[in-house]
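Let's take a walk through a protein model together. Have the sequence and the 3D view open, and look up each spot as we get to it.

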Amino acid sequence: MANREPDNSELKESSWVVAKVTSGKEDEICETCMSMLSGDVLKDAFVPKHVRLKKYKSEWRRETRPLYSGYVFMVTDDPAALDKALLKVPGYHKLLKAADIILTVSDEEKAFINRIAGRDNVVDISVGYKEGDTIKIVSGPMMGLEGDIIHVDRHKRLVTINVSLFGRSVKTTLGLELTYKQTPEEGA
């Protein structure tokens with residue numbers, strides 16, 4: 001989504017803040033902010049997304065949706081200046097705050113989002129199989145996150161996991177292709 005390409009060292013030093021926006025308007029607000037705000041105030045803006053499979057008339061198609069519906073992530077060196085500059089941008093958007101203090105994404109949370117979403121900010125579909133009552137992920141961004149799975153919808157090919165954002169647990173849905181169900185005899 002970004003118009004500017006900051007280098008990795010710039011992203012590490014800058015703060016990530018999150019704006020609450022109208023669901024369904026994430027891309028529009030992101031693009032508007034990138035075009036209206038100067039690079040001195042807004043280094044980058046992006047909407048982390050995930051790919052999922054959706055069945056239309058007995059055919060599975062890939063579609064991309066926001067990872068956090070109703071939120072736009074913004075990279076800035078000065079969250080207060082960004083908050084003030086956002087007043088010029090049309091549409092509903094409000095930086096997340098606690099007691100009038102702008103919340104910033106922690107380094108651990110940034111690392112997690114970068115790990116699962118990669119450089120293009122899109123979480124691709126993971127592949128796994130069911131072994132007994134557990135899911136084993138064999139490829140994709142969910143490798144190593146099996147313990148965070150709280151719900152599997154095999155029919156819709158989706159999995160719900162708990163992730164941390166601003167130090168609290170947030171549920172998010174990701175695409176998961178279950179290839180087969182392994183029986184105890186096959187695992188031996």
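## Ground rules

Glu-177, for instance, sits at 21% relative accessibility and counts as partly exposed.

What you're looking at is a predicted model, where local features need pLDDT of at least 70, side-chain atom pairs count only at pLDDT 80 or more, and totals for chains, interfaces and linings use all residues. Residues are numbered from 1 along each chain as its sequence is written, and side-chain values use heavy atoms, with hydrogens and water left out.

## The big picture

The protein chain has five helices and 14 strands. Both kinds of element are DSSP runs numbered from the N terminus: helices are H or I runs of at least four residues, and strands are E runs of at least two. Of the 188 residues in the chain, 40% are buried.

How much accessible surface does the protein chain have? It comes to about 10500 Å², and carbon and sulfur atoms own 49% of that. These areas come from the Shrake-Rupley method with a 1.4 Å probe, and for residues only the protein chains shown count as cover. As for contacts (heavy atoms within 4.5 Å), take those between residues at least 6 apart in sequence: 63% of them join residues at least 24 apart.

## Two open sheets

Two strands pair if DSSP finds at least two bridges between them. Val-17 has Met-74 in E5 as its bridge partner.

Another open sheet is built from three strands, E4-E3-E9, with mixed pairing. Strand E4 (59–66) and strand E9 (122–123) stand at its edges with a single partner strand each, so one side of each has no neighbour in the sheet. E3 and E4 run antiparallel and share eight bridges. Look for Leu-53, which stands opposite Arg-62 in E4.

## Rings that meet

A pair of aromatic rings is described by the distance of the centres and the angle of the planes. Rings of Phe, Tyr and Trp (its six-membered ring) pair if their centres lie within 6.5 Å; planes under 30 degrees apart are stacked, over 60 edge-to-face, and the rest tilted. By this rule there are four aromatic pairs.

In one of them, the rings of Trp-16 and Phe-46 have centres 5.1 Å apart and planes at 75 degrees, so this pair is edge-to-face. Trp-16 lies in strand E1 and Phe-46 in strand E2, so the pair ties together parts 30 residues apart in sequence. Are these two buried or exposed? Both Trp-16 and Phe-46 are buried. The rings of Tyr-68 and Phe-73 have centres 5.7 Å apart and planes at 40 degrees, so that pair is tilted. Tyr-68 is buried at 6% relative accessibility, and Phe-73 is buried at 0%. Ring pairs link Trp-16, Phe-46, Tyr-68 and Phe-73 into a cluster.

## Charged partners

Side chains of opposite charge can pair when their charged atoms come close. A salt bridge means a side-chain nitrogen of Lys or Arg within 4 Å of a carboxyl oxygen of Asp or Glu. How many salt bridges does a search of the whole structure find? The search finds ten.

One of them joins Asp-27 and Lys-49, at 2.7 Å from N to O. Asp-27 is in helix H2 (residues 26–36) and Lys-49 in strand E3 (residues 49–56), so distant parts of the chain, 22 residues apart, are linked. Asp-27 is partly exposed at 31%, whereas Lys-49 is buried at 15%. Lys-110 and Asp-107 form another, with their closest N and O atoms 3.9 Å apart. These two are three residues apart in helix H4 (residues 107–117), about one helical turn. Lys-110 is buried at 9%, while Asp-107 is exposed at 55%.

Notes:
Buried < 20%, exposed > 50% of the residue type's maximum accessible area, 1.4 Å probe, protein only.
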